[in-house]
Amino acid sequence: MMDCLYIVIPAYNESENILEVINGWYPIVEKVGNEDSRLVVIDDGSKDDTYKILKLLAADYNKLIALTKPNSGHGGTVLYGYRYAIEHGADWVFQTDSDGQTNPDEFDGFWEKRHEYDAILGNREERGDGKDRKFIENVVCALLLWIFGVRVKDANAPFRLMKSELVDKYIGKLPKDFNIPNIMFTTYFVYNNEKVLFLPISFKPREKGTNSINFKKIVKIGIKAVGDFRKLRREIDD
């Protein structure tokens, strides 16, 4: 039997990007996986027409699931999408973002490796979103090495294919509104010696719309993350 793939995409105020993003990723669920494969886009309480556009598209695209919920931030929306995929029988969960910075053409290389690994994670060797973001990623990786003793190439890339059962194994360890779940999934996978592969991906600069997370917010999230990392590290030892 063919595998069931759920592509999970969180979206917040992405009316300028969402049509292009859907047109890029929808063909993936049409050509790979079984007939139950779905593209799931979760509107995180957008203030623009993101959800309106999604509903119109879902009327024509039968594999597109358009969901909406109150705003909880990117991390909470990602976790919401993961739980939805698990509850609806996905074998594999793929997550990317709605800002158009990732390339659907690179998905096939991940899908072809799925029988060899339990998780295949993107590695943004070069980042089109600026040196500040690359610096922050380097700091995150240094913190993970310091606190958890894990060495990773890219902790938070929004281009990740994971077995649903592997996500389910660790999702209960995180609060539902956890800001940076993908960082912790990466950490858990590597710390526990799961079968993980990092593959290089491209990462384009944002061309349309406005990034809802500015540098000030990133610093605030990062400060909180240090405390969260320490707490989660203690829980691993318990």
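Trainee: What share of the contacts with a separation of 6 or more comes from residues 24 or more positions apart in the protein chain?

Mentor: Before we start, keep in mind that this is a predicted model. Here, 81% of those contacts link residues 24 or more positions apart.

Trainee: Okay, and how many helices and strands are in the chain?

Mentor: You can pick out 8 helices, along with 7 strands. For the overall build, look at the radius of gyration: it is 17 Å, close to the 18 Å from the globule rule for 238 residues, so the chain is as compact as a globular protein of that length. Along its principal axes, the C-alpha atoms fill a box of roughly 50 × 45 × 30 Å.

Trainee: What percentage of the residues count as buried?

Mentor: Buried means under 20% relative accessible area. By that cut-off, 50% of the 238 residues are buried. As for the surface, the chain exposes about 11700 Å², and carbon and sulfur atoms supply 50% of that area.

Trainee: Now the helices. At what angle do the axes of α6 and α7 cross?

Mentor: Find α6 at residues 164–171 and α7 at residues 181–191; their axes come within 10 Å and cross at roughly 100°. Angles of 65 to 115 degrees count as roughly perpendicular, which means α6 is roughly perpendicular to α7.

Trainee: Which residues make that contact?

Mentor: From α6 you have Leu166, Val167, Tyr170 and Ile171, and they meet Phe185, Tyr188 and Phe189 of α7. Sorted by class, that contact has 7 nonpolar residues, with no polar and no charged ones.

Note on methods. Residues are numbered from 1 along each chain as its sequence is written. This is a predicted model: local features need pLDDT of at least 70, side-chain atom pairs count only at pLDDT 80 or more; totals for chains, interfaces and linings use all residues. Side-chain values use heavy atoms; hydrogens and water are left out. Axes are lines fitted to C-alpha atoms, for helices over the stretch in contact, and angles run from 0 to 180 degrees between N-to-C directions. Helices (H or I, at least four residues) and strands (E, at least two) are DSSP runs, numbered from the N terminus. Angles under 35 degrees count as roughly parallel, over 145 as roughly antiparallel, 65 to 115 as roughly perpendicular and the rest as oblique. Contact means heavy atoms within 4.5 Å. Ala, Val, Leu, Ile, Met, Phe, Trp, Tyr, Cys and Pro count as nonpolar, Asp, Glu, Lys and Arg as charged, and the others, Gly among them, as polar. The radius of gyration is taken over C-alpha atoms; the globule rule is 2.2 Å times the number of residues to the power 0.38. Buried means under 20% relative accessible area, exposed over 50%, partly exposed in between (1.4 Å probe, protein chains only). Accessible areas come from the Shrake-Rupley method with a 1.4 Å probe; for residues, only the protein chains shown count as cover.
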